[in-house]
Amino acid sequence: LAATQNSKTVTPSIDARSGQGRLEVIRRRDRSVVSRAFSTSPLRLLTPDNHGHAAWVYTSSHGGGLVDGDVITMHTTVGAGACAFVSTQASTKVYQSPRGTQLEMTAEVGHTGVLILAPDPVVCFARSRYHQTQKFDLNEKAGLVLLDWISSGRRESGERWAFDEYVSRTVVHLGGRRLVHDALALRTSDGDLAARLGGYDVLALALIVGTPLEAVAQRILTRVEDPTVDQTPGRLVATAPIGDSGCLLRVAGRSVEDVGSILVDFLDFVPTLLGDDPWARKW
């Protein structure tokens with residue numbers, strides 16, 4: 001992996017625990033390329049080569065996770081006709097954090113552009129707090145694939161749903177019109193999380209929105225609504241339409257591997273869209 005990172009030093013006015021990122025992807029001839037990748041510690045942006053025609057970018061952090069007080073802000077721009085795949089090197093680990101940690105993601109996608117944001121799951125350790133806000137502004141002919149998921153924590157270490165707070169909010173505007181406003185809040189102050197979530201250890205959400213993805217969104221809706229499709233014990237899969245050209249997919253399961261395999265199955269169109277398979281060695 002080759003990292004692209006601006007060497008500019010952080011000014012004293014920026015909190016040393018705050019990471020800022022700026023990413024721009026444009027269409028150049030028959031490929032999408034990263035025209036700008038800027039980040040400040042603890043955030044890093046990695047831009048590996050791939051065999052397809054889309055630009056791939058992976059985010060990571062110094063120290064392997066978010067510590068108390070960390071605030072990460074990231075803005076992504078995908079130009080007209082460009083395609084970007086943005087993921088993480090590994091799961092986002094959130095360490096014990098009485099004051100909390102925060103991620104703020106914003107993105108703009110131009111005419112016929114497509115953004116695929118598919119990170120690994122968030123893993124909240126015991127006594128951690130994590131707030132996440134993601135806002136997307138899509139051109140009326142643009143597309144978005146968004147994956148957002150959380151695991152119960154370090155289950156093998158006895159930390160199952162042992163964090164204090166997890167809050168996630170996602171807002172999508174398409175052609176200037178608000179299309180999605182989805183929120184999830186898991187707090188121990190509202191009751192024992194392990195008891196409330198039963199046997200499930202992973203919760204996932206996938207959004208497929210926009211004209212370039214209308215056919216695959218409809219295919220997913222039809223597939224899940226088919227009464228002949230059995231629900232496997234230990235799994236929950238549900239869908240809902242979004243406007244005229246999108247769908248929301250929700251999955252609950254018992255392990256990251258299990259839920260990951262379901263997501264990859266439903267998002268089987270992504271490798272074709274990219275011209276290469278980003279999940280060939282995942283999960």
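1. Salt bridges overall. This is a predicted model. A search of the whole structure turns up 12 salt bridges. Side chains of opposite charge can pair when their charged atoms come close.

2. Asp68 and Arg99. These two side chains meet in a salt bridge, with N to O at 3.1 Å. The pair links distant parts of the chain, 31 residues apart. Asp68 sits in the loop between S4 and S5. Arg99 sits in the loop between S7 and S8. Are the two partners buried or exposed? Asp68 has a relative accessible area of 19%, so it counts as buried, the cut-off being under 20%. Arg99 has 58%, so it counts as exposed, the cut-off there being over 50%.

3. Arg127 and Asp164. Here the closest N and O atoms of the salt bridge are 3.2 Å apart. Arg127 lies in the loop between strand S10 (122-124) and S11, and Asp164 in the loop between S12 and strand S13 (165-174), so the pair ties together parts that are 37 residues apart in sequence. Asp164 is buried, at 13% relative accessible area.

4. Asp201 and Arg155. This salt bridge has its closest N and O atoms 3.3 Å apart. Which parts of the chain does the pair tie together? Asp201 is in the loop between helix H1 (193-197) and strand S15 (202-210), while Arg155 is in the loop between S12 and S13. The two parts are 46 residues apart in sequence. Asp201 is buried, with a relative accessible area of 6%. Arg155 is partly exposed, at 35% relative accessibility.

5. A network. Salt bridges can also join up. Arg129, Glu165 and Arg187 are linked in a network of them.

6. The largest pocket. Rolling a probe the size of a water molecule over the atoms shows where empty space is left. The largest pocket has a volume of about 500 Å³. How many residues line the largest pocket? The lining has 29 residues. Those nearest the centre are Thr59, Ser60, Thr88, Thr92 and Leu103.

7. What the lining is made of. The residues of the lining divide into 14 nonpolar, 12 polar and three charged. Several strands each supply at least two of the lining residues. Among them are S4 (55-61), S5 (71-78), S6 (83-88) and S7 (92-94).

8. The whole fold. The protein has four helices and 17 strands. Of its 283 residues, 50% count as buried. The C-alpha atoms fill a box of roughly 60 × 55 × 35 Å along the principal axes. Is the radius of gyration in agreement or disagreement with a compact globule? A compact globule of 283 residues would have a radius of gyration near 19 Å; the protein has 18 Å, so the value agrees.

9. One residue up close. Ser18 belongs to strand S1 (residues 18-28). Ser18 is buried, at 16% relative accessibility. What does Ser18 touch, leaving out residues up to four places away in sequence? The answer is Thr40, Ser41, Pro42 and Val71.

Conventions:
Residues numbered from 1 in each chain as written. Predicted model: local features only at pLDDT ≥ 70, side-chain atom pairs only at ≥ 80, totals over all residues. Heavy atoms only, no water. 1 Å grid on protein atoms, 1.4 Å probe; cavity = no way out; pocket = protein on both sides within 12 Å on 5 of 7 lines; lining within 4 Å. Points joined across faces, edges and corners; volume = space filled by probe spheres on them. Nonpolar A, V, L, I, M, F, W, Y, C, P; charged D, E, K, R; others polar. Salt bridge = Lys/Arg side-chain N within 4 Å of Asp/Glu carboxyl O. Buried < 20%, exposed > 50% of the residue type's maximum accessible area, 1.4 Å probe, protein only. Rg over C-alpha atoms; globule rule 2.2 N^0.38 Å. Contact = heavy atoms within 4.5 Å.
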